[in-house]
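Hi everyone, thanks for coming.

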Protein chains: 4
Amino acid sequence: MSNQLLDRVVAEIADEMAQRADRGAVASYIPELARVDPRRFGLVVIDAAGHVAAAGDADVPFSIQSISKVFTLTLALGKAGDRLWRRVGREPSGSAFNSIVQLEHERGIPRNPFINAGAIAVTDLILSGHQPREALGEILRFLQFLAGDSSIVIDDAVAKSEQRTGFRNAALANYMKSFGVLDNPVEYTLGVYFHHCAIAMSCRQLAMAGRFLAHNGQNPSTGHNVVSSERARRINALMLTCGHYDGSGEFAYRVGLPGKSGVGGGVLAVAPGNASIAVWAPGLDAAGNSHLGRVALEALTKRMGWSIFGV
Amino acid sequence: MSNQLLDRVVAEIADEMAQRADRGAVASYIPELARVDPRRFGLVVIDAAGHVAAAGDADVPFSIQSISKVFTLTLALGKAGDRLWRRVGREPSGSAFNSIVQLEHERGIPRNPFINAGAIAVTDLILSGHQPREALGEILRFLQFLAGDSSIVIDDAVAKSEQRTGFRNAALANYMKSFGVLDNPVEYTLGVYFHHCAIAMSCRQLAMAGRFLAHNGQNPSTGHNVVSSERARRINALMLTCGHYDGSGEFAYRVGLPGKSGVGGGVLAVAPGNASIAVWAPGLDAAGNSHLGRVALEALTKRMGWSIFGV
Amino acid sequence: MSNQLLDRVVAEIADEMAQRADRGAVASYIPELARVDPRRFGLVVIDAAGHVAAAGDADVPFSIQSISKVFTLTLALGKAGDRLWRRVGREPSGSAFNSIVQLEHERGIPRNPFINAGAIAVTDLILSGHQPREALGEILRFLQFLAGDSSIVIDDAVAKSEQRTGFRNAALANYMKSFGVLDNPVEYTLGVYFHHCAIAMSCRQLAMAGRFLAHNGQNPSTGHNVVSSERARRINALMLTCGHYDGSGEFAYRVGLPGKSGVGGGVLAVAPGNASIAVWAPGLDAAGNSHLGRVALEALTKRMGWSIFGV
Amino acid sequence: MSNQLLDRVVAEIADEMAQRADRGAVASYIPELARVDPRRFGLVVIDAAGHVAAAGDADVPFSIQSISKVFTLTLALGKAGDRLWRRVGREPSGSAFNSIVQLEHERGIPRNPFINAGAIAVTDLILSGHQPREALGEILRFLQFLAGDSSIVIDDAVAKSEQRTGFRNAALANYMKSFGVLDNPVEYTLGVYFHHCAIAMSCRQLAMAGRFLAHNGQNPSTGHNVVSSERARRINALMLTCGHYDGSGEFAYRVGLPGKSGVGGGVLAVAPGNASIAVWAPGLDAAGNSHLGRVALEALTKRMGWSIFGV
């Protein structure tokens with residue numbers, strides 16, 4: 001019966017979104033993202049029992065971009081533990097996602113692991129002691145494992161394109177390097193970073209990969225313990241306060257769930273105890289987050305009563 | 001039985017805190033706050049059934065300072081609704097609580113209602129159309145009503161002292177006024193602001209006053225509907241992302257509850273569906289939040305399983 | 001003969017300026033300045049021998065505004081000597097004239113005495129130990145003495161109007177006060193500041209008052225020693241690097257003389273060894289400096305070979 | 001006789017400097033600069049008649065570092081004329097020489113050609129249409145021509161060392177590139193930049209090379225016209241307002257001459273109409289300028305009456 005409610009709500013929301021004219025603008029800084037059809041929409045919700053409610057383009061792979069930062073953070077915490085926090089903070093940034101001003105004021109330490117600078121620092125930590133190819137393999141295998149799907153790949157054209165035009169990220173990386181925050185050669189770290197941002201996944205794969213965050217660190221279907229329950233809560237807290245760049249407060253205010261967005265238009269959201277959710281709508285708002293993604297999630301949490309801030 | 005667990009946990013935490021040597025430093029910018037004994041500690045938790053678990057200095061009034069901003073925001077939203085958001089944002093500030101830099105970059109619009117500038121703008125909205133004395137009376141009566149206790153008063157010596165030395169807040173107010181963000185004479189708005197920050201309450205009164213936020217806008221004992229359930233959720237979201245100045249990310253990461261701190265050493269925290277919590281420990285950390293208050297709340301949510309980010 | 005050259009150049013420039021269509025926009029933040037006719041133009045040059053070349057509205061008084069800061073600096077250095085530099089810096093600001101950001105970064109110490117914050121700090125120093133009325137009288141008498149003209153007065157309507165709307169300056173003053181940079185009550189210091197900015201002078205009076213800066217600290221006609229030659233050089237250096245807000249580099253590049261502008265459209269410029277110059281054209285450029293004032297001075301230095309950077 | 005005065009003053013100053021204990025700290029960020037003996041001191045003054053007054057280590061080559069920016073600016077203006085100002089401003093920076101904050105606020109346009117970012121943008125312009133090796137050859141030949149000395153070379157060890165550790169400059173360059181301010185591949189532009197900063201010259205060579213700036217664009221001995229008199233004045237104006245990083249105001253205030261410093265401890269100063277001056281003292285002050293270099297120049301201008309701000 002609950003399955004029926006969830007299935008109906010997901011279908012309704014997909015219908016409503018299909019009729020919206022306000023879609024935001026597709027990211028245009030690289031041709032691979034600019035070419036995506038703005039009418040795409042996918043929504044997948046997987047509840048605690050493993051029931052999958054899917055609608056729209058649920059199985060079309062898209063570029064997960066910054067959503068990958070949730071998984072690289074998880075991986076890096078597994079390797080380095082709290083040592084990681086020596087080089088990255090845990091506070092919202094209060095400015096645009098690629099701001100370099102904050103780095104100057106705080107001597108090269110990025111505010112949190114979800115802004116670009118912070119994610120580059122996290123990537124550098126995963127890379128340490130490995131070749132770029134190995135580090136990238138490890139990240140990709142981790143996502144395949146979490147999603148239970150070995151078909152997930154990196155979109156090489158996207159990675160190459162970002163590498164060619166990623167001067168802002170190169171500036172951030174060189175700047176941190178000048179303060180000694182990165183251990184590896186800048187071009188290695190950036191190479192791994194650009195490639196893990198270029199991983200392509202469908203909503204179904206993404207929602208599957210996020211299940212451990214909704215269930216105290218454990219995938220309830222496989223029983224795999226990915227992280228401790230404390231670490232899962234803490235990653236969720238970081239997603240809530242920092243997961244939507246300078247629109248994080250707005251997402252918390254309207255949706256009320258931990259979530260992480262990417263400029264490809266995807267959002268991974270977590271309803272603790274209830275569900276793992278992935279939505280994809282390529283048009284972005286002014287803060288660089290999926291516009292209809294946020295609208296759909298706001299409708300979903302309201303109708304399912306899933307907000308973490310009250311029933 | 002649940003009562004017994006809660007009573008025991010609260011008592012244990014109070015005992016543990018009494019033995020801690022790390023207490024932070026009491027706020028020193030006005031004599032009235034500097035004189036407070038740093039060994040004070042109070043903790044009150046009121047659960048959904050109305051059971052009150054109290055420990056330590058639970059009935060000693062202290063200066064609630066910025067915690068008052070939760071209540072003035074609630075009041076102002078009641079008066080102005082979403083019009084309020086034309087003059088205040090909803091994003092974490094990413095900088096110190098009294099920063100004026102952000103105001104310059106964003107043309108006089110404060111980032112959120114819980115930094116000083118934002119709270120001054122909210123106060124200005126409550127004041128509009130009234131005399132300062134009337135506005136202040138309204139705020140005080142609202143808190144007496146919420147706490148069910150008409151003995152709550154303003155500590156006039158604290159208010160006067162803050163007014164005499166509050167040049168930073170006067171700078172913020174004049175700066176916003178230069179952008180047309182304030183409607184009333186600067187000295188009127190500041191007068192009301194300094195006085196509502198000087199309200200004195202005990203942990204018991206404060207926890208009582210915060211119950212509507214834990215229970216979808218309604219006090220479950222009296223049945224009073226204070227705000228809609230949506231508004232309660234949204235105020236909680238703002239407390240989570242912005243309630244601890246530039247330590248908000250840290251509080252979310254460690255405690256995992258919406259909360260609002262004041263430089264008097266108090267914290268109001270909300271465990272949605274479970275409890276309203278007030279803690280008081282006057283020593284502050286580097287970000288200006290109660291040090292042992294945060295430690296106590298971290299222990300409480302862990303032992304009670306109340307984090308909003310997972311069980 | 002040199003007189004003839006100077007007279008001819010001054011007359012030519014006034015003619016050329018009368019035909020320019022590009023006049024900039026008159027300052028509009030207070031009605032008294034907004035009402036000034038943008039076609040006004042005055043130019044007075046007084047050479048070392050005391051010869052006065054005048055053209056246009058040479059005897060029409062205008063609001064000298066920030067030009068007064070040159071004279072209050074001179075007065076304050078006379079009183080406090082190098083102690084003054086404990087509360088004001090000597091570096092160009094690199095940002096808008098009323099920026100408060102710099103004050104936050106540098107803990108309340110303004111970058112130089114010619115931005116608003118710096119001039120307020122200088123005024124505070126003149127005020128110390130006096131009543132506002134006395135301090136203002138001293139400033140006014142100093143200008144009357146320098147100009148040799150006791151008819152110079154303060155335009156009270158301008159002063160009152162600025163005081164009523166000067167929230168940005170009130171913010172700067174309160175902000176410095178919060179760092180302990182000001183000694184006197186904020187409203188006293190601001191009162192004196194707004195009034196000395198409201199002094200009205202003609203180009204003739206202004207050029208006369210500036211002669212000591214062109215001639216090593218001495219008025220060559222009266223023989224009055226106003227400051228030492230070293231101090232005159234240093235005030236000129238400050239005018240060169242900081243005298244035109246965030247257009248100081250541009251003024252040095254194009255005109256090549258120490259100069260100080262005011263939002264009333266006046267500019268005082270100094271050709272060391274050669275002349276004291278005052279120009280008035282009310283229309284301002286984007287940086288808040290007189291547009292035609294700068295154009296006229298560029299023509300004048302070029303034709304007379306007076307640039308300090310080469311013949 | 002004038003020669004005698006100049007020779008005596010130069011000798012006296014060298015003697016006085018040799019006895020000073022306050023020498024500042026030698027730049028330490030690369031081993032090649034850190035190894036330089038802090039007791040080195042050289043001073044060369046060449047007057048309008050071509051008389052050379054020299055003292056101390058006048059013929060010891062040192063790394064001219066940022067002083068090269070005066071010559072690359074001259075060269076780039078010759079190639080691009082006022083088009084250059086589309087990508088570089090003309091205002092003092094008001095912040096540290098390697099600040100990236102300003103670039104964010106002003107969308108990738110550096111404030112002036114003498115801060116690192118601005119000099120990199122100027123280098124990029126010289127490079128356009130050439131191979132790095134050709135561009136570098138052109139810069140070196142220009143300096144050899146100006147100094148009349150074909151023995152001037154680049155110190156390759158210094159260039160390599162800077163390239164290896166120049167992450168801050170790489171950040172600046174990538175950041176400008178992200179705004180489209182640079183035309184060439186970042187590594188090419190940086191390569192040329194690091195190499196021209198590594199040119200080694202003695203005070204004698206440097207003073208010789210700067211003569212055109214002191215004499216309206218012309219070398220009075222050879223009669224070579226390097227630039228127009230207007231351009232010479234304008235370069236001098238830029239040196240005055242921007243030539244000493246965030247110590248430019250201080251240099252103008254104390255010395256009163258256009259000048260450009262380098263972290264190698266050299267300063268080129270220009271007394272228009274009177275002399276070209278080069279001084280070398282490796283110890284730096286807090287702003288990164290030669291400490292004794294400034295002290296020596298202050299003594300020189302005072303004793304020779306060469307300040308541009310009065311006799």
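Let's start in chain C, where Phe71(C), Thr72(C), Thr74(C), Leu75(C) and Lys79(C) of H3(C) touch Glu138(C), Ile139(C), Phe142(C), Leu143(C) and Leu146(C) of H6(C). Contact here means heavy atoms within 4.5 Å, and helices are DSSP runs (H or I, at least four residues), numbered from the N terminus. By class, this contact has six nonpolar, two polar and two charged residues. Nonpolar covers Ala, Val, Leu, Ile, Met, Phe, Trp, Tyr, Cys and Pro; charged covers Asp, Glu, Lys and Arg; the others, Gly among them, are polar.

A quick word on the model: it is predicted, so local features need pLDDT of at least 70 and side-chain atom pairs 80 or more, while totals for chains, interfaces and linings use all residues. Residues are numbered from 1 along each chain as its sequence is written, chains are lettered from A and ligands numbered from 1 in the order written, and side-chain values use heavy atoms, without hydrogens and water.

Now to chains B and A. Their contact takes 36 residues from chain B and 36 residues from chain A. How many salt bridges are there between chain B and chain A? The count is eight, where a salt bridge is a side-chain nitrogen of Lys or Arg within 4 Å of a carboxyl oxygen of Asp or Glu. Asp246(B) and Arg111(A) form a salt bridge through their side chains, at 2.6 Å from N to O. On the side of chain B that touches chain A, H12(B) gives the most, with nine residues. That side of chain B has twelve nonpolar, twelve polar and twelve charged residues.

Key. Helices (H or I, at least four residues) and strands (E, at least two) are DSSP runs, numbered from the N terminus.
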